[in-house]
Amino acid sequence: MIREEYALFLNGLKNVLNKGGDVDAYIKQYENRNVYFYNDACIKKILASEKNLMLTTDLINAALNLVGSDRIENPKLVNPYVPGELGRRSIEPDLLLTNERGGEIPRDRISIEIQHENHKSLYSDRLVFCVARLTNNMVSKGAVPQLENLHVISFQFFDTFKDSPNYRHTVQLRNQEHMVYFDRQTVTLVEVSKFLRLSEKFASDNCRIALWLRAIDALNREADFSRFVGDPVFNVLQNEVKLSNFSPRYMSNSWMKDYDDAVLRYEGFLDGAQDKAREMATKMLLKNKPLAEVVEFSGLPESEILEIKASLDRK
């Protein structure tokens, strides 16, 4: 599902739960769909899973453009997804790993962030604060600072550098002559929306992160995925985004609800959501579903559904 569709799905799920409806029946309508990948709770379950470390490592190396001996090879999840638990939030990044180097210092700490909106300087502030917090956590109180390598990867859905022809940016502390002052902290910004919006311009770009962005986009849109099936990493990804892998309990947790509310409230998707709800109601009426069931699953008022039904009867 694309983001708007996923928001509508979650909104419908919330309505069914609030009314004590049949959750399994509601979800069954979507059993062959994919979740929206760029969602905090979804990416946590997919990438912070021990069984998917190969998948996570490949994405990290692609985003950081690491090759050869520089690649992250031995990641350890600091905040792994635990099946049956909803996990913690707000006190930690979306995803945090360390790269073990046989006990050597410095290790590599890698954090993955997802950000859809940029309210003026809010996200820049948030990202800098995240770097500071992760840095602070490397040093015990009273100890002499011995910092590890820190890589913060941010997938963004707004153009941070609007005038730049690039969609991937490496940010470090530098002086006025662009000389790196401290090379052990890097913020990597991946402008997803720019890459997708200018797809023709980047058509010849076949670096690993470009392939990842195209594969994720195809899965979000549930488009033809045949070009990626020969890649074992993307085969795993294709399976992990299936909605059937996510329990109703997990999909109804606070992460998901906050996400859904933010989409509908701040991004003006209410009109689109309403159209999709009417489309769902129309399909159910054409299948002669009971009126009460159509109301429950579409979230539309009974009066509006009766109007749709009357319009269908006139055709």
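The protein has 13 helices and six strands; helices (H or I, at least four residues) and strands (E, at least two) are DSSP runs, numbered from the N terminus. This is a predicted model, in which local features need pLDDT of at least 70 and side-chain atom pairs count only at pLDDT 80 or more, while totals for chains, interfaces and linings use all residues. Residues are numbered from 1 along each chain as its sequence is written, and side-chain values use heavy atoms, with hydrogens and water left out.

**The whole chain**

Of the 315 residues, 48% count as buried, where buried means under 20% relative accessible area, exposed over 50%, and partly exposed in between (1.4 Å probe, protein chains only). Among contacts (heavy atoms within 4.5 Å) with a separation of 6 or more, 63% are between residues 24 or more positions apart.

**Stop one: aspartate 108**

Select strand β3, residues 108-115, where aspartate 108 is found. Is aspartate 108 buried or exposed? Aspartate 108 counts as buried because its relative accessibility is 3%. Now display its side chain, which makes a polar contact with the side chain of asparagine 149 at 3.1 Å. A polar contact is a pair of N or O atoms within 3.5 Å; within protein, one must be able to donate a hydrogen and the other to accept it, and residues adjacent in sequence count only if both atoms are side-chain atoms. Leaving aside neighbours within four places in sequence, the residues in contact with aspartate 108 include Ile72, Leu97, Arg101 and His151.

**Stop two: helices α4 and α7**

Two packed helices are described by the angle between their axes and the distance between the axes. Select α4 (residues 53-64) and α7 (residues 208-221), whose axes come within 7 Å and cross at roughly 125 degrees. The helix α4 is therefore oblique to α7. Axes are lines fitted to C-alpha atoms, for helices over the stretch in contact, and angles run from 0 to 180 degrees between N-to-C directions. Angles under 35 degrees count as roughly parallel, over 145 as roughly antiparallel, 65 to 115 as roughly perpendicular and the rest as oblique. Next, show Leu55, Asp58, Leu59, Ala62 and Ala63 in α4, which meet Arg208, Ile209 and Trp212 in α7.

**Stop three: helices α12 and α13**

Finally, select α12 (residues 291-298) and α13 (residues 302-314), whose axes come within 10 Å and cross at roughly 115 degrees. Leu291, Val294, Val295 and Ser298 of α12 make the contact with Glu302, Ile305 and Leu306 of α13.
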